[in-house]
Amino acid sequence: MKGLMRYLAAVLAVLCLMGAAVLAVFCCVTTERFALEVGETRMLRDLQQQRIDQAAAEMTERWQLSPELLTPWTQDAARLQSLAAVAWWGDIWSDAEADLAMPSWLTPQQEAELVAAIRADEGFIALTQETQRRAIARDEVAYAIDVAVCEAVTPLRRSVTEMLLTAAQEVVPLPMIRQAALIGAGVLTVLAVLLMLLAHRAAGSIFMAAGLMQAALSVPVILLDIPGMLAQLSNIAVLQGQNALACLGILWYGAAAAMLVLGLLIIGVKKAIGRDEE
Amino acid sequence: MQDRHPLLCTLALCAPLAALMAAGIYLAGPTVKNAIFAALKLVVIR
């Protein structure tokens with residue numbers, strides 16, 4: 001009976017360590033640094049800028065705009081908007097008052113300037129009627145450029161993302177969720193240590209089992225094939241998904257390896273001490 | 001037990017969790033996969 005209790009305490013300790021690791025990874029995901037890792041690769045940036053340039057070229061052709069008219073508003077847009085998105089992600093998880101709406105590319109003033117520039121363009125004037133120009137310049141070009149840049153950088157439906165974040169914020173403020181996860185990770189670690197004391201002389205095996213099971217937990221995630229799912233939806237999202245998984249993988253397997261090594265060390269040291277005593 | 005058979009002890013601790021995980025993948029895997037794909041379709045822009 002005593003043996004069974006010790007065994008159950010050891011299994012619970014392994015579960016606590018794994019739970020702490022999951023919460024710690026969640027805390028890492030909600031940092032600016034993680035968002036930067038997701039959007040950092042050159043290939044992704046080039047693809048995003050290509051998508052933006054393509055949208056601008058289509059608009060230029062459709063509304064007979066001067067070839068270079070939209071360039072100042074789309075040049076380097078992928079990089080700058082990406083930095084804005086990274087800062088936004090960091091803000092919403094650290095400041096309860098932060099704006100949950102994803103950042104837009106053009107400020108109202110920039111949009112007004114762009115509309116004025118389009119309305120003054122000769123090709124545009126020749127193609128459109130006086131009464132329609134303002135509406136077309138604003139809705140079909142300036143707004144469309146804003147949407148194209150935002151969707152190229154963060155290929156997420158903005159309305160749904162905002163709705164989900166607002167719903168979560170109404171229940172518990174996002175920064176508080178992050179803090180709760182951090183505190184939860186600490187509490188679970190302490191609990192695991194207490195359970196290890198109950199499990200009596202099995203700390204090494206508990207750490208090793210936690211490391212092994214943590215590595216094994218990546219199997220269901222690999223089987224889910226999230227990049228494969230994303231590939232059916234968006235080629236920008238699939239690159240971002242791969243970056244995110246690579247970043248999480250380093251953290252996850254790093255922590256698993258650390259626990260394995262710690263377990264081996266504990267067992268090794270105990271054996272060495274045992275031999276000395278003999 | 002750990003002092004004599006550390007590997008056996010580790011495997012004994014992993015066994016129930018691994019069995020639970022395998023059962024989870026077998027029973028709930030396809031449902032979870034479909035649910036995640038449906039959620040992605042809702043959020044990610046094609």
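Modeller: One term to begin with: domain bounds here come from an automatic or database domain assignment. And keep in mind that this is a predicted model.
Biologist: Okay. Which domains does the assignment give for chain A?
Modeller: Domain 1 covers 2-30 + 173-272, and domain 2 covers 35-156.
Biologist: How many Å separate their centres?
Modeller: The centres of domain 1 and domain 2 of chain A are 41 Å apart, taken over C-alpha atoms. In the contact, domain 1 of chain A takes part with 17 residues and domain 2 of chain A with 19 residues.
Biologist: What area is buried between the two domains?
Modeller: About 1500 Å² is buried between domain 1 and domain 2 of chain A. Carbon and sulfur atoms give 72% of that.
Biologist: Which three residues supply more of domain 1's share than any other three?
Modeller: Leu174(A), Ile236(A) and Gln240(A). They supply 36% of the area that domain 1 of chain A buries against domain 2 of chain A.
Biologist: How many salt bridges between those domains?
Modeller: Zero between domain 1 and domain 2 of chain A.
Biologist: Switching to the chains. How many residues of chain A and chain B are in contact?
Modeller: 38 residues of chain A contact 26 residues of chain B. The two chains bury about 2900 Å² between them, with 73% of it on carbon and sulfur atoms. On the side of chain A, Arg157(A), Met229(A) and Leu233(A) supply 22% of the area buried against chain B, more than any other three residues.
Biologist: Which residue does Glu37(A) form a salt bridge with?
Modeller: Arg33(A). The closest N and O atoms of Glu37(A) and Arg33(A) are 2.6 Å apart. Both residues lie in helix H2 of chain A, four residues apart, about one turn of the helix.
Biologist: Where does the largest pocket lie relative to the domains, and why?
Modeller: It lies between domain 1 and domain 2 of chain A, because both give residues to its lining.
Biologist: What classes of residue line the largest pocket?
Modeller: 26 are nonpolar and seven are polar, with no charged residues.
Biologist: What volume does the second largest pocket have?
Modeller: About 440 Å³. Its lining has 17 residues, and Ser218(A), Val221(A), Leu245(A), Leu248(A) and Trp252(A) are the closest to its centre. Helices H1 (2-29), H11 (203-224), H12 and H13 of chain A each supply at least two residues of the lining.
Biologist: And the classes in the lining of the second largest pocket, what are they?
Modeller: 14 nonpolar, two polar and one charged.

Definitions and conventions. Residues numbered from 1 in each chain as written. Chains lettered and ligands numbered in written order. Predicted model: local features only at pLDDT ≥ 70, side-chain atom pairs only at ≥ 80, totals over all residues. Heavy atoms only, no water. Nonpolar A, V, L, I, M, F, W, Y, C, P; charged D, E, K, R; others polar. 1 Å grid on protein atoms, 1.4 Å probe; cavity = no way out; pocket = protein on both sides within 12 Å on 5 of 7 lines; lining within 4 Å. Points joined across faces, edges and corners; volume = space filled by probe spheres on them. Contact = heavy atoms within 4.5 Å. Buried area = accessible area lost by both parts, 1.4 Å probe. Salt bridge = Lys/Arg side-chain N within 4 Å of Asp/Glu carboxyl O.
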